[in-house]
Amino acid sequence: MSRQNIFDNETFFNGYKILRESDCNANDLIEQPAMRKLLPDLKGKTVLDLGCGYGHNCIDFVKRGADKVVGIDISEKMLAVAEKESHDDKIEYRNMSMTDISELGEKFDFIYSSLAFHYVKDFDAFAKDMYSVLNAEGHLLFSQEHPIITSTVDGAGHFNKNENGEKISYTFSNYNQPGERRIHWYVDGVIKYHRTFSNIINALSKAGFIIEEVCEPIPEEWVIEKVPAWIKEYIKPNFLIVKARKV
């Protein structure tokens, strides 16, 4: 499985940090509000956050009543920020790849991940690992880049404009060719993995999960009022969110 650690690249880390600190980024305005609506009751629960980044969601889980939260990230730089900004006695941060969760030796009531699974090479094996570390009736909630976004081999999917400069459609390709994608995002050679919608759902189903809800979030009215440019998200989705349960 992939062990890419692009987030510890200084150029990438600084660029990503600036993006997330902006008050008009898509994560905070579109993806996170949709994720929060799908959260299960966390009172008294144990939580595993895969690709926890700065640990902001870990702190939120504690505030929602979680008894224990384990945040995993492969990036030392991310975890250094998490330890400083998102510290709590109920939170434990571990520097490891999320594809190594079978080595944790414990089970959880809830697995959460925000925008990390498109970095996993073998999603079928990963889905089985997640199922194995969940307690019975435990939930999985994750978001990832939408397959429309990850599909084009060179990452060059693009909006098309009319004569007035308005975005009216989106062009992408290679959808039914799953596999590695190397793109430029702050730096060259960032590796992501494209899977079709059916690849993702079937991997979860074959691992044993019951799919409870699938969401392709669009901006709410207050988002369009704040950042009118995000109306482009009505043309195509940026994110795919899946909520599933272990029987």
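Predicted model: local features only at pLDDT ≥ 70, side-chain atom pairs only at ≥ 80, totals over all residues.
Contact here means heavy atoms within 4.5 Å of each other. Helix 3 spans residues 56–63, and its buried residues are Asn-57, Cys-58, Ile-59, Phe-61 and Val-62. What do these buried residues of helix 3 pack against? Their partners are helix 2 (26–37), together with strand 1 (46–50), strand 2 (68–73), strand 3 (91–95) and strand 4 (108–114).

After helix 3 comes Gly-65, a residue with a positive phi near 105°.

## The overall picture

Stepping back, the protein has eight helices and 11 strands. Of its 247 residues, 51% are buried. Among contacts with a separation of 6 or more, 69% link residues 24 or more positions apart.

And the surface? The protein exposes about 11,600 Å², and carbon and sulfur atoms supply 48% of that area.

In soluble globular proteins, nonpolar side chains tend to be buried together. In this model, the largest nonpolar core has 31 residues, and Leu-48, Leu-50 and Met-130 have the most contacts inside it. At least two residues of this core come from each of the following elements: strand 1, strand 2, strand 4, helix 5, strand 5 (134–145), helix 7 (197–207) and strand 11 (239–246). Another core, of 21 residues, lies apart from it and includes Cys-52, Leu-79, Ala-82 and Ile-91.

Met-130 deserves a visit of its own. Which residues does Met-130 touch, leaving aside those up to four places away in sequence? They are Leu-50, Ile-101, Ile-111, Phe-117, Phe-123, Leu-140 and Phe-209.

Leu-115 is not a glycine, yet its phi is positive, at about 55°. Leu-115 sits in the loop between strand 4 and helix 5 (123–132). Is Leu-115 buried or exposed? Leu-115 counts as buried because its relative accessibility is 16%, and the cut-off for buried is under 20%.

Asn-174 is likewise a residue other than glycine with a positive phi, in this case near 60°. Its loop runs between strand 7 (167–171) and strand 8 (179–185). At 26% relative accessibility, Asn-174 counts as partly exposed.

Note on methods. Residues numbered from 1 in each chain as written. Heavy atoms only, no water. Helix = DSSP H or I, 4+ residues; strand = E, 2+ residues; numbered from the N terminus. Buried < 20%, exposed > 50% of the residue type's maximum accessible area, 1.4 Å probe, protein only. Areas by Shrake-Rupley, 256 points an atom, 1.4 Å probe, with all protein chains shown as cover. Core = buried A, V, L, I, M, F, W, Y, C linked by side-chain atoms within 4.5 Å.
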